[in-house]
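Have the coordinates open while you read.

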Amino acid sequence: MEKNADGSWKKWDNLGQFKLNSNGVPTVAGLTGRHWGPAYDGRAIENYDGTMTTYSPIKNNFKDAFQTGLNSNTNVSIRGGNETTSYYSSVSYKKASGIVEKMISKDIRSC
């Protein structure tokens, strides 16, 4: 095992995977970001800048910015006639909503 500069043994939080500072408090200060940590549980830890913070996930703002898109296309046509005449009429309605809020497109066409 390794020793600290003051001669005490290095203490490692094996259960929680946190490095401990000189006061025995879990810390992320001095870590390179290549380490897996424990599950977010809201406990107090020392942050990168030395301040205390809670070990909690950050809200995912992408879920608020995007939504499920929708694309709907409806077509109706009528065709008919007799020996002397024929007719054809159609109408289409398309509605599309994008993945970003308030992006709605509506289109009505007839012929």
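The points below go from the basis of the model to the overall picture and then to single sites.

1. Basis. This is a predicted model, so local features need pLDDT of at least 70 and side-chain atom pairs count only at pLDDT 80 or more, while totals for chains, interfaces and linings use all residues. Residues are numbered from 1 along each chain as its sequence is written, and side-chain values use heavy atoms, with hydrogens and water left out.

2. Layout. The protein chain has 1 helix and 8 strands, where helices (H or I, at least four residues) and strands (E, at least two) are DSSP runs numbered from the N terminus. Reading from the N terminus, the order is β-β-β-β-β-α-β-β-β.

3. Burial and surface. Of the 111 residues in the protein chain, 14% are buried; buried means under 20% relative accessible area, exposed means over 50%, and partly exposed is in between (1.4 Å probe, protein chains only). The accessible surface of the protein chain is about 9,400 Å², with 53% of that belonging to carbon and sulfur atoms. Those areas come from the Shrake-Rupley method with a 1.4 Å probe, and for residues only the protein chains shown count as cover.

4. Contacts along the chain. Take the contacts in the protein chain with a separation of 6 or more: residues 24 or more positions apart account for 19% of them. Contact here means heavy atoms within 4.5 Å.

5. The hairpin. Strand 6 and strand 7 form a hairpin with 4 residues between them, and they pair in the antiparallel sense over 12 bridges. Pairing requires that DSSP finds at least two bridges between two strands. Along this pair, Ile78 stands opposite Ser89 in strand 7, and Arg79 stands opposite Tyr88. How many buried residues does strand 6 (residues 70-81) have? The count is 0 among its 12 residues, so far as cover goes there is hardly any.

6. Leu70. Leu70 is found in strand 6 and counts as partly exposed, at 46% relative accessibility. Leaving aside its neighbours within four places in sequence, Leu70 is in contact with Lys95, Ala96 and Ser97. The C-alpha atoms of Leu70 and Ile99 are separated by 8.3 Å, with the two residues 29 apart along the chain.

7. The nonpolar patch. Ile99 sits in the loop between strand 7 (86-97) and strand 8 (104-110). Together with Phe62, Phe66 and Val100, Ile99 makes a nonpolar surface patch of about 400 Å². Patches are made of residues with over 30% relative accessible area and no salt bridge; like charges are joined within 9 Å, and nonpolar side chains (Val, Leu, Ile, Met, Phe, Trp, Tyr) within 5 Å. Ile99 is partly exposed, with a relative accessible area of 48%.

8. Salt bridge. A salt bridge is a side-chain nitrogen of Lys or Arg within 4 Å of a carboxyl oxygen of Asp or Glu, and by this rule the count comes to 1. Asp41 forms a salt bridge with Arg43, the closest N and O atoms being 3.2 Å apart. Asp41 is partly exposed at 48% relative accessible area, and Arg43 is partly exposed at 24%.

9. Thr27. Thr27 lies in strand 3 (residues 26-27) and counts as buried, at 1% relative accessibility. A polar contact of 2.9 Å joins the side chains of Thr27 and Glu46. A polar contact is a pair of N or O atoms within 3.5 Å; within protein, one must be able to donate a hydrogen and the other to accept it, and residues adjacent in sequence count only if both atoms are side-chain atoms.
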